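Welcome to this short tour. Please open your viewer and keep the selection tool at hand.

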Amino acid sequence: MLALLLLPQAHAQALQPVPALSARVIDRSNSLDAAQLQALEARLAAFEAERGSQIVVLLVPTTVPEDIAAYAFRVADAWKIGRRDVGDGVLLVVAKNDRRVRIEVARTLEGAIPDLAAWRIIDQMITPAFARGDFAGGISAGVDGLMALIRGEDLPLPSAAGGRSASSGAGMED
């Protein structure tokens with residue numbers, strides 16, 4: 001009987017690893033082709049140079065055994081996206097096989113992108129494209145929605161001399 005009680009613990013699934021922050025778009029689910037990755041990466045880099053705020057997209061096959069909220073929080077905590085002194089990072093996580101999407105927002109952008117706005121972006125922009133099998137289109141539409149909300153915020157613009165000198169230094173320097 002004791003062996004049966006211990007059996008589920010012996011088969012506990014390890015948490016999905018947090019990948020290295022190596023780009024603004026990290027596709028571990030092979031959902032985007034090279035041209036789509038490059039185009040989205042360029043758009044995010046241009047937005048970051050223009051506004052200072054940083055948006056990072058992570059596509060993974062699954063977050064199991066965690067739910068997407070716990071996984072996205074763990075990734076955001078590890079990566080520390082955005083400028084350290086401003087707190088203006090956004091993480092868009094897609095768990096393709098789980099059919100889940102999550103937007104994590106740093107503290108300064110919580111007013112611009114409250115939970116309801118994030119839900120609307122997922123529900124009205126991202127999910128309909130995903131339902132058609134258009135992952136690049138869904139991510140692009142979601143990024144457009146996030147950029148529009150961030151542009152409406154009165155945040156400090158990047159310094160002319162320094163680019164991302166105020167960033168967290170998490171590996172995203174240009």
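In which helix does Ala117 lie? Select residues 115–131: this is helix α4, and Ala117 is part of this helix. Helices here are DSSP runs of H or I with at least four residues, strands are E runs of at least two, and both are numbered from the N terminus. Before moving on, note that this is a predicted model, where local features need pLDDT of at least 70, side-chain atom pairs count only at pLDDT 80 or more, and totals for chains, interfaces and linings use all residues. Residues are numbered from 1 along each chain as its sequence is written, and side-chain values use heavy atoms, leaving out hydrogens and water.

Stay on Ala117 for a moment. Ala117 counts as buried because its relative accessibility is 17%; buried means under 20% relative accessible area, exposed over 50% and partly exposed in between, with a 1.4 Å probe and protein chains only.

Next, select Ile139. Leaving out residues up to four places away in sequence, Ile139 touches Leu32, Leu40, Val57, Leu59, Leu92 and Phe130, where contact means heavy atoms within 4.5 Å.

Finally, look for the second largest pocket, with a volume of about 280 Å³. On a 1 Å grid over the protein atoms alone, a pocket is an open set of points where a 1.4 Å probe fits, with protein on both sides within 12 Å along at least five of seven lines; lining residues have an atom within 4 Å of a point. Grid points are joined across faces, edges and corners, and the volume is the space filled by probe spheres set on the points. Select its lining, including Val94, Ile122 and Phe130. Here α4, where the tour began, supplies the largest share, 4 residues.
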